[in-house]
Amino acid sequence: MGVKIPFRRELDFRYGEVAEIGPGIRRVVANNPSPFTLHGTGTYILGTGKVAVVDPGPADPNHIQAIVDALAGETISHVLVTHTHMDHSPGCALLKKFSDAPTYAYGPHGAGKLEEGVAVEEGGDMDFVPDHLVSHGEVISGGDWSVECVYTPGHTSNHICYQLREAKALFSGDHVMGWSTSVISPPDGDMLAYMKSLDLLLEREDDLYWPTHGPAIIDPKTHVRAFIEHRREREQQILTCVGKGVTHIPDMVPLMYTDTPEFLYAAAGRSVLAAVEYLVARGDLAIDSAVSLQAEYRLA
Ligand SMILES: [Zn+2]
């Protein structure tokens, strides 16, 4: 791979401990580390007194208790959800036992693809139904904070980022992370939508990003440009593979992901599928059947 993404992984934190990481921004990290969550889910608390909680995280009572304990004497007025993967939204139901704050999200899992009738993949939190649906550009105001909703489908069809306007800080969820590229897994994940959502960020003025997993991204546009470049290289790798007669996704993965451990090949295959779907839509690849992991592809 030619492009160098300036990855950042180091995070100064302790599980269950709420830390102030910027003016009006606190974070507590859930103890759910994995190859997909890095150290775990970072739940953010915005403002003071009457606060917003961003992504309550997995259904982990200890994590919810840590949030509640940290906010003794304060009130949660809003619960903002970036998207409905199992490490982001199931904590909402647990938090409801302590707070009647309404939840805000773009929609339930798959909301951005409902009109296409796409059956969304497992791994989504199918139980989550937001109290309030938010739309792109909407501003939500609380005590001493306000956020702008930035609809960024791609990682999931209902993914939304929130900009804390007072800090020009974008809570970027899993759309853009500092430590890793995003997994784009069809059918709910969508590469075309994802690339458009990356372009959208280049048009914005955000001073920094706070992703759900890992440290802040302090040079956002450099990072986003590197991600776009990286995806273009992946597309090129796929076209090269097919050109050489490697026409099935499972055979492309080991050639494309030479630095990736084998146990992540399945996830990588999902990402290749997303890119292939995009290349077929763009007319660069051709196929006789439906786009799938098992299908055989050829150059158009
Ligand atoms: Zn996710």
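**A close look at the rings**

Guide: Phe-13 counts as partly exposed, at 24% relative accessibility, where buried means under 20% relative accessible area, exposed over 50% and partly exposed in between, with a 1.4 Å probe and protein chains only. Tyr-15 is partly exposed as well, its relative accessible area being 36%. Before going further, note that this is a predicted model, in which local features need pLDDT of at least 70 and side-chain atom pairs count only at pLDDT 80 or more, while totals for chains, interfaces and linings use all residues. Residues are numbered from 1 along each chain as its sequence is written, and side-chain values use heavy atoms, with hydrogens and water left out.

Searching the whole structure gives 4 aromatic pairs, a pair being rings of Phe, Tyr or Trp (its six-membered ring) whose centres lie within 6.5 Å, with planes under 30 degrees apart called stacked, over 60 edge-to-face and the rest tilted. In one of these, the ring centres of Phe-13 and Tyr-15 are 5.0 Å apart and the planes meet at 80°, so the pair is edge-to-face. Tyr-44 and Trp-210 have ring centres 6.0 Å apart and planes at 55°, so this pair is tilted. Because Tyr-44 belongs to strand S3 (residues 42-46) and Trp-210 to strand S12 (residues 208-211), the pair ties together parts that are 166 residues apart in sequence; helices (H or I, at least four residues) and strands (E, at least two) are DSSP runs, numbered from the N terminus. Tyr-44 is buried, with a relative accessible area of 2%, and Trp-210 is buried at 10%. Ring pairs also bring in Phe-171, so that Tyr-44, Phe-171 and Trp-210 form a cluster.

Rings can have charges over them too, which is counted when NZ of Lys or CZ of Arg is within 6 Å of the ring centre and within 35 degrees of the ring normal. The charged end of Arg-282 sits over the ring of Tyr-278, 5.2 Å from its centre, and that of Arg-234 sits over the ring of Tyr-257, 3.9 Å from the centre. Arg-234 and Tyr-257 are also among the residues that line the largest cavity, as are Met-191 and Ser-271; a cavity is a set of points on a 1 Å grid over the protein atoms alone where a 1.4 Å probe fits but cannot get out, and lining residues have an atom within 4 Å of a point. Helix H4 (220-243) and helix H6 (265-282) each supply at least two residues of that lining.

Technical notes
1 Å grid on protein atoms, 1.4 Å probe; cavity = no way out; pocket = protein on both sides within 12 Å on 5 of 7 lines; lining within 4 Å.
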